[in-house]
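Please look over the structure shown here, with attention to its helix packing, its nonpolar core, its ligand shell and a few individual positions. The briefing that follows takes these topics in turn.

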Amino acid sequence: MIDYRDDCVPDLVTARALYASCSLGARRPIGDDARFGAMLTHANLIVTAWDGAQLVGIARSVSDFGFTTYLADLAVNEAYQRRGIGRELIRRTQLAAPQAKIVLLAAPAAVDYYPHIGFRHHPQAWLLDPDA
Ligand SMILES: CC(C)(COP(=O)(O)OP(=O)(O)OC[C@H]1O[C@@H](n2cnc3c(N)ncnc32)[C@H](O)[C@@H]1OP(=O)(O)O)[C@@H](O)C(=O)NCCC(=O)NCCS
């Protein structure tokens, strides 16, 4: 039985353990307390999935609640993947800001995931890296 919450921000240690439990851990600055802490503190829409006291999934977004929700991280503990948790985290993210479209950058491991659950590819997306 998985519980979903949108009213809590996991602490650094709890969030780090989740990210480290799947391939996203290697793609985010989870060892940098200041940076990882900022990612958790300044996200304004966080949906989490819990198995009892264990954090097993997160959708971490920045939303304006009117037009756009940027889904910055979607992570499910490897032992809990392919049980519908990722899809449910996204559904709840969408419910929290129903007028906003969700945009994201797929990690290489998830490029086939998003089209599978209904996302469409946008060929006009652009990035400006922080050191550009
Ligand atoms: C990508 C991820 C979030 C998916 O979460 P999940 O809870 O395992 O996915 P779900 O169980 O909701 O899957 C929903 C559907 O997508 C399919 N699916 C799951 N992972 C997939 C993948 N990597 N590629 C293609 N399809 C995938 C499932 O089989 C399921 O299909 P079905 O509805 O036809 O049975 C999870 O694998 C993960 O955390 N990966 C590591 C971190 C990562 O890459 N995150 C994405 C960053 S952008």
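Helices (H or I, at least four residues) and strands (E, at least two residues) are taken as DSSP runs and numbered from the N terminus. This is a predicted model, in which local features need pLDDT of at least 70 and side-chain atom pairs count only at pLDDT 80 or more, while totals for chains, interfaces and linings use all residues. Residues are numbered from 1 along each chain as its sequence is written.

**Loop residues with positive phi**
- Arginine 82, found in the loop between E4 and H3, has a phi near 65 degrees, a positive value in a residue other than glycine.
- Arginine 82 counts as exposed, because it has 8 C-beta neighbours inside 10 Å, where a residue is exposed if 12 or fewer other C-beta atoms lie within 10 Å of its own, buried if 20 or more do, and partly exposed in between, with C-beta atoms placed from the backbone.
- Phenylalanine 65, in the loop between E3 and E4, also has a positive phi, near 60 degrees, and is partly exposed, with 13 other C-beta atoms within 10 Å.

- In helix H1 (residues 12-20), the residues Ala15, Leu18 and Tyr19 are buried.
- These residues lie on the same side of H1, because they cover an arc of only 95 degrees around the axis, the arc being that of the directions from the helix axis to the C-beta atoms.
- The buried residues of H1 pack against helix H2 (33-42), strand E3 (54-63) and strand E4 (68-76), two residues being in contact if their C-beta atoms, placed from the backbone, lie within 7 Å.

**Nonpolar core**
- The largest nonpolar core has 19 residues, and those with the most contacts inside it are Leu18, Ile58, Ala59, Leu74, Ala75 and Leu89; such a core is a set of buried Ala, Val, Leu, Ile, Met, Phe, Trp, Tyr and Cys residues joined through C-beta atoms within 7 Å.
- At least two residues of this core come from each of H1, strand E2 (45-51), E3, E4 and helix H3 (85-96).
- Leaving aside neighbours within four places in sequence, leucine 89 is in contact with Val47, Ala49, Gly57, Ala59 and Leu74.

**Ligand shell**
- The ligand is surrounded by 22 residues, of which the closest are Gln81, Gly86, Arg87, Ala107 and Tyr113, a residue being near a molecule if its C-beta atom, placed from the backbone, lies within 6 Å of it.
- E4, H3 and helix H4 (113-116) each supply at least two residues of this shell.
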